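Biologist: I would like to go through this structure and ask what each term rests on. Please show it first.

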Amino acid sequence: MKKFIKSIIFLIIFFVLWTIIFKVLWLDKTTIGYFYDEPKKSLDIVYVGGSNVYAHYNTTLAYDLYGFTTGIMSSDSQPSSSVKYLLEESKKYQSPKLYIIDLAKVGDDLGNIQDGQERKVIDSLKNSKNRIDAIQGMLKYTNIKKEDYINYYFSFLLYHNKWKNINSINIIGNKQIYKGYLFSVFTTKIEPQEIYQWDNNKKIELKQDNKEVLEDLIEYIKVNKLNVLFVVPRRGYINNAMEYINTATDIIQKNGYEVLNFNILDDFKVDFDKDFYNYQHLNVYGATKYTRYFSKYLKSHYDLPDHRDDARYNSWKQEYERFKSNYNEITTNNFDDLLLE
Amino acid sequence: MALTSLVFAVFCTITVAIYFIVPKKIQWVVVLISSVIFLFYNNLTVGTIVQALIVLLSSYFCGRLIYKYKENPKKSKAFLILGILLILGQLIYLKYTNLFLATVNHVCNLFNMDYQFQFVQRNSLIGISYYSLIMIGYLVDIFRGSTRAQDNIFKCALFMTYFPILSSGPFIRYEDRKEELYGEHKFSYESMCGGLVRILWGLFKILVISQRIGMFVDTVWADLNTYRAIFAVAAILFFPLQLYTNFSGSIDIIMGISEIMGIKLPENFTVPFASRTITEFWRNWHITLGAWLRDYIFYPLQKSDVIQKLNKKCKKVFGKKVGKKIPLYISMFIMWVAIGVWHGGAYTYIIGSGLLQFLFIFLEDILGPISKKINNKIGIHTEVFSYRLYQTIRTYLLFSFSMIFFRAPSVSSAINAIKSCLMLNNIGTLLNRSNLSSLLGNIGLDMKDFIILAGAIFILFIVEKLVLKGNVRKKLFEQNIIFKWTVVYALIFAIIIFGCYGAGYNPANFIYRQV
């Protein structure tokens, strides 16, 4: 018995050390990872998608304008095959009134995604059956061999090697700022772009994998009776993305769901000379226009609560103030003036 | 199934768990089933089943017949020869066809004949070189009367395929291991802890040291024109350490698993790099292979009529002292060629781990007395630290040199490697800062890796020193719990964090697995 207890204590200490060490070794937390930091059932909207989500939508500004909270589950070039699992994950912690799904990547070749795009999703998910399902469900469309799935089930097989890059942030811990919105010196850059012309009539049949993923997602949404809005961000598109999105839009609309395409809205205007930091991403000026328009749209179309007088949501206000202060410092302008435009 | 893979860890865990759950009488059946799974893992074909059956049935039936006719030496010997021929025949067919074809091609070249044989691909089972020799030893032991034949074919199969030793040994003898293999074993907390610590130490040696050195050595060997001079020398000097940490680390894992199951295996290494001569080195390196070849090749040769007759003739012609040495060297030569051939079906192995080792031992034997006389005359103390260090370094350098051939894909490539060490032109350019950092960058190791490597080698050195003084694990378990656990946790996390495994690394396969 004494030996048995000794073994149990040994294992407990081992797991404590394991947890501490790998918390330090884990780097590059994505917004998906930060999603878990939000208190349970505190989000009114969950917004899922690639980098357009965290670069275009300023969650703190939307909160300041209308008082509803938006959680972001976004990562670079997020594969469309991950969306279902992200919805499932968010369902475990939040009961949002609305899910927003970014459609920019709906036609991207799933078999050709780079290692890292799927990792940013999978590695950010907490260990659970959903994580296992996500690994199997996402990787089956890639060229990753089944015997290599083990590197996804056990992330330490990859991350153990990151001891070389440990810095103070890893040791003291990193906190999400601006509630998931990406703001930095980089996003204040103004890079003039060629105006992208959207044509609703141009369509290409979705590849079999993409079609299967989309249909599977719609089925999931139906079965779980989720309130979902699909959006197509305003930006430049390459590799027939527009044609695929138009086809996907038809499929989604046929199933009774709304698609809000910012490329064809008459009353939403962004300036391709001033509002982008690269061809596919709005800068802070474009993002402000997008957020103001979109949050107003959401407030008027959905029954979203206003938490601005609720002390439990003070962190949202604080993050908005932090954003404004940093914006003012970096740009030497006043963000409130920008809102007046 | 690499010994350092997660699959193997899971496989062993399940095996050990079932082993201690089932009635003790059938524990050996659990090990047999696991061994069969391990043997055919990813390699289950009609051909591989036939291979295994040839060895098993030859060993089992010939063993029984040798034992049955033990009073009739002629018959008994006939069955021994038949058994050996069958086992050796399949081994030669599967492993050495290309060596034979290469030899024929060389001969054809020599006589300017156009014909060249194409090399063939043979799919052989893991551990074929181990279990074939082990079963030959089994037949010889029955013939000699040192053991009796196993009546149960399944028990015979377990002896042949005992899974921990399939990938890298050690060689076992039936008489020494039968009680443990087929006996009943109670779960022992102490054996489990001892076994696990030994496994951890093996993993540390393979994943932290060997794999890291391997990244350097492999990169240099892949491009000896770019990585010349000091890089080539460093790769050549590092390779024995890579080989040792890989090989002895694998043995540690194997011994650890067996220890948990209550099966004690013979040690295969006793700090070989502390050896002062090549002769001593081979007493401490791959000990069980040396013992097998001594018992089943060297001694029988020495006792054979041919050698005995030669002995007498040589004594007559060259005198007693020199005359008795000539047949001895002939037997040694044959044994070392056999060691070389066993290591692989290529000339590089025959030269590297056979002929050169023989040459070194031969020279040690010839020059030893002369050197002793000179040392005495000029008053050099041989039992002082500095002289012992010189001898140890000399032994390491000689072994490193021989391993150039072992490591090289061909003899010409081994010669290129030696030439590369001597390519000292533009050495300044080679070693200038930007070139150096680019070359090191291509290796995939940075300064932090080299620091970890240096630290790990230092720990290895300390542990090996302690091994020379006694049982390190026993000493560790005598310590207070805080110290003991700290060491074990440090070992576990050193492996997990600093080990070279997972995405981006090749599985840490045992270097001898190709055999």
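Modeller: What follows is a set of questions and answers on a predicted model.

Biologist: What makes the size of chain A agree with that of a compact globule?

Modeller: A compact globule of 341 residues would have a radius of gyration near 20 Å, and chain A has 21 Å, so the two agree. The C-alpha atoms of chain A fill a box of roughly 75 × 50 × 40 Å along the principal axes. Chain A has 15 helices and seven strands.

Biologist: How do you know whether chain B agrees with the globule rule or departs from it?

Modeller: By the comparison for 515 residues: the rule gives a radius of gyration near 24 Å and chain B has 25 Å, which agrees. Its box is roughly 75 × 70 × 60 Å. The secondary structure of chain B consists of 23 helices and zero strands.

Biologist: Which parts of chain A touch chain B?

Modeller: In total, 13 residues of chain A are in contact with 13 residues of chain B. On the chain A side, α1 (2-25), α8 (150-153) and α9 (156-159) each supply at least two residues. The most come from α1(A), with five residues. By class, that side of chain A has nine nonpolar, two polar and two charged residues.

Biologist: Why is B:F238 called partly exposed rather than buried?

Modeller: B:F238 has 19 other C-beta atoms within 10 Å. Buried needs 20 or more and exposed needs 12 or fewer, so a count of 19 falls in between, and B:F238 is partly exposed.

Biologist: Where does B:F238 lie, and what is it in contact with?

Modeller: B:F238 is in helix α10 (230-260) of chain B. Leaving aside neighbours within four places in sequence, B:F238 is in contact with B:I213, B:F216 and B:V217. B:F238 and B:G214 are 24 residues apart in sequence, and their C-alpha atoms are 8.7 Å apart.

Biologist: Where is the kink in α16(B)?

Modeller: In α16 (347-378) of chain B, a kink of about 40° lies at B:L367, shortly before the proline B:P369. Just after α16(B), B:G379 takes a positive phi of about 75°.

Biologist: What do the buried residues of α16(B) pack against?

Modeller: They pack against α11 (278-284), α15 (325-343), α17 (385-407) and α18 (411-421) of chain B. Among the buried residues of α16(B) are B:Y347, B:I350, B:L356 and B:F360.

Methods
Residues numbered from 1 in each chain as written. Chains lettered and ligands numbered in written order. Predicted model: local features only at pLDDT ≥ 70, side-chain atom pairs only at ≥ 80, totals over all residues. Contact = placed C-beta atoms within 7 Å. Helix = DSSP H or I, 4+ residues; strand = E, 2+ residues; numbered from the N terminus. Nonpolar A, V, L, I, M, F, W, Y, C, P; charged D, E, K, R; others polar. Bend = angle between axes of the 7 residues up to and from the residue. Rg over C-alpha atoms; globule rule 2.2 N^0.38 Å.
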